[in-house]
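Subject: Structure handover

Hello,

Here is the structure for you to look over. My notes follow below.

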Amino acid sequence: GGTPLTLLGLGAMGTALARAWLAAGHPLTVWNRTAARTEPLAAEGAAVAGTAAGAVAANGLVLTCLLDDASVREALADADLDGRDLVNLTTSTPGQARALAEWAGQRGARFLDAGIMAVPRMIGVPDSGGYVFYSGSRELFDAHRDTLAVPADTRYVGSDPGFAALHDVALLSAMTGMFSGVAHAFALLRREEIPPKEFAPLVEGWLTGMAPYVHLMAAQLGSGDYVTGTESNLAMMVAANATLLDTAREQGVSPELLTPYLELMARRLADGHGAESDTGVVDLLLH
Ligand code: NDP
């Protein structure tokens, strides 16, 4: 058997994590606010604690996978964390993670925060593409990295406890922009006889083809030179953006998902950066 551990929270994600550790032979103690959700896991070999404090007392390694930061605070309120290794797998902001790290440290615990880049069906599946960002105590990470690697691959991103959440939320934010563009694209075709199912592979192929452009943006942000390497300059793109907006109008589609980004590009052009790529939009967002 592996390292014994405690998991607080048996929602969709917590249940998948619990099953992965049980399948790998780790003695597991679970707690969930709604006790009925512990029953299937008890049948699969987990020990069930009646209270969160009791679950924390059961093992040195304690993981939380609850809805949000407030639910973690609530669940851990009466727990004795002295000498515990606490790993928070709950999605939170960098600020919440740093505050929780401070709070846990004051109670004598080592602390790691995490950001799960996977959905439940990827958990415990080798090579699923899913992984988990960790940040905070390097000692805790090194002591438990094999146990942490059971549900998904691990990526330690620094001793600042806010960095896992920052990486997680940055990727989710990038995804949000991608899907807002996809929603607009489907809306453009909605009233025509173009089956979404036939269009979807074209969207996937185009976005996959364009994705490596992030490396040009990164190189330009690194050097501060937003012209070198630019193939599509801002002056050209802003002109092309008029075609995007006119097409939306022709098709009877609201431009509201497009306009925030297009307006930033136009502002950057107006500031005299027509020869650059759209990398300068990043600078406009900092205030
Ligand atoms: P669920 O909504 O399925 O489960 C939420 C869990 O939080 C339940 O165990 C619930 O208990 C518990 N909970 C909620 N409020 C409280 C509270 N005040 N006190 C104690 N327990 C509470 O969510 P998931 O399992 O899907 O997600 C858990 C975390 O994992 C979230 O932070 C989510 O962002 C993250 N995550 C989820 C992914 C997913 O695809 N599902 C992907 C990546 C990250 P009860 O059963 O009593 O309601």
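Start with the ligand. A shell of 21 residues surrounds it, and the closest are G11, R33, T34, S71 and T91. A residue counts as near if its C-beta atom, placed from the backbone, lies within 6 Å of the molecule. Two elements give two or more residues to this shell: α1 (12-23) and α4 (69-76). Helices are DSSP runs (H or I, at least four residues), strands likewise (E, at least two), numbered from the N terminus. By class, the shell holds 10 nonpolar, 8 polar and 3 charged residues. Nonpolar covers Ala, Val, Leu, Ile, Met, Phe, Trp, Tyr, Cys and Pro; charged covers Asp, Glu, Lys and Arg; the others, Gly among them, are polar.

Two points on reading this. The model is predicted, so to speak of local features needs pLDDT of at least 70, side-chain atom pairs count only at pLDDT 80 or more, and totals for chains, interfaces and linings use all residues. Residues are numbered from 1 along each chain as its sequence is written.

Next, the domains. The assignment, automatic or from a database, gives domain 1 (5-160) and domain 2 (167-285). Their C-alpha centres lie 37 Å apart.

Last, a helix pair. α7 (163-189) and α8 (196-210) pack at about 145°, axes 11 Å apart. Axes are lines fitted to C-alpha atoms over the stretch in contact; angles run from 0 to 180 degrees between N-to-C directions. The contact (C-beta atoms, placed from the backbone, within 7 Å) uses M178, V182, A185, F186 and L189 of α7 and P196, F199, V203 and L207 of α8. These divide into 9 nonpolar, no polar and no charged.

Regards

How values were computed. Contact = placed C-beta atoms within 7 Å.
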